[in-house]
Amino acid sequence: YTLLSGHLVRRYNNRGNPNYNPAGAVVTGMLRPLYVEAFASDVLGARLMGAEVVLDVQHILMGRQPYPMKYMLALSAVHDWGKAGGTSEPMTLAHLDGTAILVSRRKGQGGFELQANAGWGGRPGEGGAWGAVAGLGAEYMSSTVDMRARLEGRLQRGGFRQGAFGPDYELARFQVAGPTALPQADAPFPDGYSAYGEVILSWDAESLSVLGQRHFRLTMGTEVFNWGRVDLDGRLETQLFHRNLSVGVGGVAMGAGQPGTRYLASVEARWRFLGGKLYAVGQGGTLLFPTAEGTLRPGAFASLGLGVDNAR
């Protein structure tokens, strides 16, 4: 899950802790010139919650336009109470962002868009903990291709970092990756700068309009820090043999290039038969289990099963 601009919550997985099974929720609303998105990682527990409010600046200055949200200001805030799925220190982050669409070429339901963004964020109540970001984003869509890409330069000071609530957060809240075996809320993060890149690509030989119909889907994010650390996560999915076979592989590498690198990997294969409504599925991969002492115990999983759905 990514909260709009993604500078606080990016590629977050609320199931990263295998001992914790939350029920998350996302709510959106629009009352022009405002757009709001709010989320909770667990609607039954005091855990991660946040919202981002986007203001359509063009609407304020020029009235309602045929293509809204060309120039935007956004304010986001996220708080973790740390009281479900294991106890951890509370943490609050906030971020202010500005986005401008530089190029917009629309054709039917598709088109191309180039965006520029810049922002500043910090930890309220924590003096000196702040960061800045600037970058470009591109989106291309047609009947068969949906591609989104982003490249950003980031600056970190006083322990703040962009995307702090990321794919590894449900483990990092107990113990961060790297040589410091501390919870993320207390762990020092070196002052420095980084380059962040993300690509999300979906392709289908026929059409993207049908739910779950993707011959190929790739989603990947990478952040490289000037002091030697690399964070990487991604997933690749493909459908073969007239969509009867679906294969997916995913992985996370946090803190690569430093002592205490954290690696996780998973694979899934799904075979559909009897017209595609029934399927057999096999899954496997590695896990990390938080312990009462605050450390992470390595483990693995494997499963086989049968199921039925109507999602094709």
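These legends go with close-up views of a predicted model.

**View 1. Phe39 and the largest nonpolar core.** This core has 15 residues, and the ones touching the most other members are Leu8, Val9, Phe39, Leu48, Val78, Leu93 and Phe165. Zoom in on Phe39 and, leaving aside residues up to four places away in sequence, you find contacts with Tyr1, Leu3, Val9, Ala25, Val26, Leu48, Met49, Gly50 and Val78. Phe39 counts as buried because its relative accessibility is 6%, under the 20% cut-off.

View 2. Tyr1 belongs to the segment before β1 (25-31) and Phe39 to strand β2, so the pair ties together parts 38 residues apart in sequence. Tyr1, at 30% relative accessibility, counts as partly exposed. Then there's Phe165 with Tyr169: centres 4.9 Å apart, planes at 75°, so call this one edge-to-face. Phe165 is buried at 0% relative accessibility, and Tyr169 is buried too, at 3%.

**View 3. A ring cluster.** Here Phe189, Phe225 and Trp227 are joined into a cluster by ring pairs.

**View 4. A nonpolar patch on the surface.** Leu34, Val36 and Val53 make up this patch, and together they have about 190 Å² of accessible area. Val36 is part of strand β2 (residues 34-40). With 31% relative accessibility, Val36 counts as partly exposed.

View 5. Between Arg106 and Glu113, the closest N and O atoms are 3.9 Å apart. Arg106 is partly exposed at 46% relative accessibility, whereas Glu113 is buried, with a relative accessible area of 15%. Arg148 and Asp146 also meet in a salt bridge, at 3.7 Å from N to O. Arg148 is partly exposed at 41%, while Asp146 is buried at 18%.

**View 6. Arg272 bridging to Asp309.** The closest N and O atoms of this salt bridge are 2.9 Å apart. The two residues link distant parts of the chain, with Arg272 in strand β13 (residues 262-273) and Asp309 in the segment after β15 (296-308), 37 residues apart. Arg272 counts as buried, at 10% relative accessibility.

**View 7. A salt-bridge network.** Salt bridges link Arg150, Glu152, Arg154, Arg161, Glu223, Arg229 and Asp231 into a network.

How values were computed. Residues numbered from 1 in each chain as written. Predicted model: local features only at pLDDT ≥ 70, side-chain atom pairs only at ≥ 80, totals over all residues. Heavy atoms only, no water. Core = buried A, V, L, I, M, F, W, Y, C linked by side-chain atoms within 4.5 Å. Buried < 20%, exposed > 50% of the residue type's maximum accessible area, 1.4 Å probe, protein only. Contact = heavy atoms within 4.5 Å. Patch = residues over 30% accessible without salt bridge, like charges linked within 9 Å, V, L, I, M, F, W, Y side chains within 5 Å. Areas by Shrake-Rupley, 256 points an atom, 1.4 Å probe, with all protein chains shown as cover. Salt bridge = Lys/Arg side-chain N within 4 Å of Asp/Glu carboxyl O. Helix = DSSP H or I, 4+ residues; strand = E, 2+ residues; numbered from the N terminus. Phe/Tyr/Trp six-rings, centres within 6.5 Å; stacked < 30°, edge-to-face > 60°.
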